[in-house]
Amino acid sequence: MHDFRPDHPGPIDGWPDAGFDAVLHLLDRQIVDSNGQLVGKVDDIELVEDPDGRLVPTALLVGMAALLPRFGAHAFRSWARLAPAFAERYQPGVVEIDLVDDVTSGVHLSVERDGLLRSRIDEVGHPVRHRLSTLLAMRVDLPPDAGAASHHARVLDVRLRSRAGASGVQVGALLVGRGRPGSMLGYERSPERGPWLIASVVRWLHRHSRLVEVGDGVEVDWDAGVVRVAAGAAVRPVVDRSADGPA
Amino acid sequence: MSRLVVTLSLLLLLVTGCLVTGCTVSQPGPADWRDQARQTLDDVSSEVATARLVLGQLDAGKVPSSYGVTMAADAEEAASKAEEKLSSLQAPASLGGLPDKVLSLIGRATEAVQQAREAVVDERYDVPHLRRELGRLHAALDRRKAAL
Amino acid sequence: MKRYLAVALGVLTAIGGFVDIGDLVTNALVGSRFGMSLGWAVVVGVAGICIFAEMSGRIAAVSHRATFDLVRERLGPRVGLLNLVGSIAVTLLTFIAEIGGVALALELVTSVYYLAWVPVVALLVWLVLWRAKFSLMENVLGLLGLSLIVFSVAAWQLHPDWGHLGHQMATADKPLGESWTTYAYYAIALFGAAMTPYEVFFFSSGGVEERWTTKDIVTMRTNVFIGFPLGGILSLSIAAAATTVYSPLGISVDTLGQVGLPVAVALGKIGLAIVILGFVAATFGAACETGLSVGYSLAQYGGWQWGKYVKPQLAGAFHATIVVSVLLAAGVLMTMVDPILVTEFSVVFSAIALPLTYFPILVVANDPDYLGEHTNGRVTNVLASGYLVLIVIASVAALPLMVITKMGQ
């Protein structure tokens, strides 16, 4: 058996340096090993704060311990309580992001799946690790002049951009909008995408969604679970309206 | 997760609620009873016609006996189930002697279907008398249903 | 030459595999009670399954991802889970009905009570799913299922008044004795029987199993656009045969024996033998497909290794799911629940679950990240959007209609 990849390049053309949306293009995607065998889903993504305070994706997290917290803390606790003796179940399996060879409709690894997944064992002085799902569960406090619905705003997606002066990507902007119902299904990426019916409904539901550039005036408070956006921060509409009308 | 649980249980409650209210006749009024009687007459008439058709096809050698036996047994079972459903329903007093008449006709029909099944199992296919009887009952059931 | 043979084989198995217990029972029942006046619902349903099966097949060929991969990716794990539970429930219901259908067909041959057949059939289904090669299973059962064409021959031999049947179908001429709510209920049931969600799970996962690439899109389209409509004509023949024999006698179909009897009336014992072979092949094939679909859906949601293209040892959880489904189905049937009743439930619940499957497929079929240049064209999108609206209406209306009509009485 061999790794059977689509002939189509996929959403992240030029991995690992091209920008992409973490939720839309990576989260919940199928992980495939170098033999074409299926490993699991990208149940969560590990984000590490680098010394400059930038958030960098460092690993894919796999397994119930990564998936269940996304259903809520209660689901995870109940599951852990089922068999306390098997404590390793509380820790998700980790796939370092360097092992990802390419991202097409699946996440293709450069290694075999056997013995691949281990939990993270950190030494003293390790970097601060977060999970993407924690960021996605956060409330967003927007300034009143942002033009967005300031109530119930949440992080819907995280736009990753290539890092200046280093390989890989970092968190560049946050897609912020009403929490429910869910994401924009990719319709924010290309305004002309059909069918008209779904595209219109999604755009209407997300008419108040905004893209918040990470930088000055944007503070992610991991302890309080809040993203604070100050008045001067760069906030702009998600869909590029200039591409909409006739040229 | 708790939201999920709540949504799911609400949905489940709604569905059971609908089913329970939709599928029970608590105390049948005359109209309810007539509806059920019409339904039963329809069902039994269909089974009578089936039994007659199966006998005819067996006699013509168009159907192997195993197939005929299964069909005749199914018809008998369905007819007696339908009969039971109606007879277990409390008939409203205001209908007078009508329920008894209907039930006795249905009883005769079920019995004829049973005879048909016995004939099929015994491989007696040339039973013109029974076929005529089934035909008469079929017509009588339909007339009764139309008159209700 | 070899390529044409492959295409022909694909079309033939698509026809033979199109009809399952839901189509058999619903079409015969509707034919006996409504004549051909609901034929339009079959036509609409078949056109719908063509559009959406083509989309899911195209997605599988280009991106190598099957339906539940898409569901989880686009809807996320929470909504995806609700979708999974709904879809698996409906597919399991269909699985139970199919196994019951095989057992009923065997009872017709042997006059041994169907319950005695249930464990045997369940074991055979499991063995096929565990051992048989995917393409072998598909081709053998699909070709044997073709014997249901005898329904078309029978319908023709019964010399019905074609003008009358055509008129009924063209004008949706509801018989006087039936109410409009019952009529609508059976329209939805026929729609659900034709568009059963498992067909799309199976079709897209099968594409991945058979390692389709963009080169196979033409073959896949030929199978869908020729095979499925011919399968639909088979469905209409079943209805036509039933209405010709049963309508004048006032019989309404409620057993599998009644579904096949019109063929005996027209063609005698040989025709009947062919029809029973068709019953067994079609329901057994559909049992395999639904059993696999349960495993596919769960494994694709969880990201486990799935499929018959790998050794069973490499896809343990997937095969374990299938074992559990088989045991569950056999267990439910052993409670003596009427398989025909299960079938009637399964087609209506299929109609309810339709949007869960078809919405994510339509979204992804428009996503250039997945499909590059193979995204939907304008015509497909207009048709598919129309169907999405129709599917939602049918889904919402199904349960209330079921309650109001007491399951179509």
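Predicted model: local features only at pLDDT ≥ 70, side-chain atom pairs only at ≥ 80, totals over all residues.
**A tour of the helices of chain C**

Select helix α4 (residues 67-110) of chain C together with helix α10 (residues 197-209) of chain C: the two pack at an angle of about 120°, their axes 10 Å apart. Helices here are DSSP runs (H or I, at least four residues), numbered from the N terminus; axes are lines fitted to C-alpha atoms over the stretch in contact, with angles from 0 to 180 degrees between N-to-C directions.

Residues are numbered from 1 along each chain as its sequence is written, and chains are lettered from A and ligands numbered from 1 in the order in which they are written.

Next, select helix α12 (residues 256-302) of chain C and helix α13 (residues 316-334) of chain C, whose axes come within 9 Å and cross at roughly 135°. Display the residues in contact (C-beta atoms, placed from the backbone, within 7 Å): among them are Gly291(C) and Leu298(C) of α12(C), and Phe318(C) and Ile322(C) of α13(C).

Finally, show chain A beside chain C. Their contact takes 32 residues from chain C and 27 residues from chain A. On the side of chain C that touches chain A, α4(C) supplies the largest share, 9 residues.

How values were computed:
Contact = placed C-beta atoms within 7 Å.
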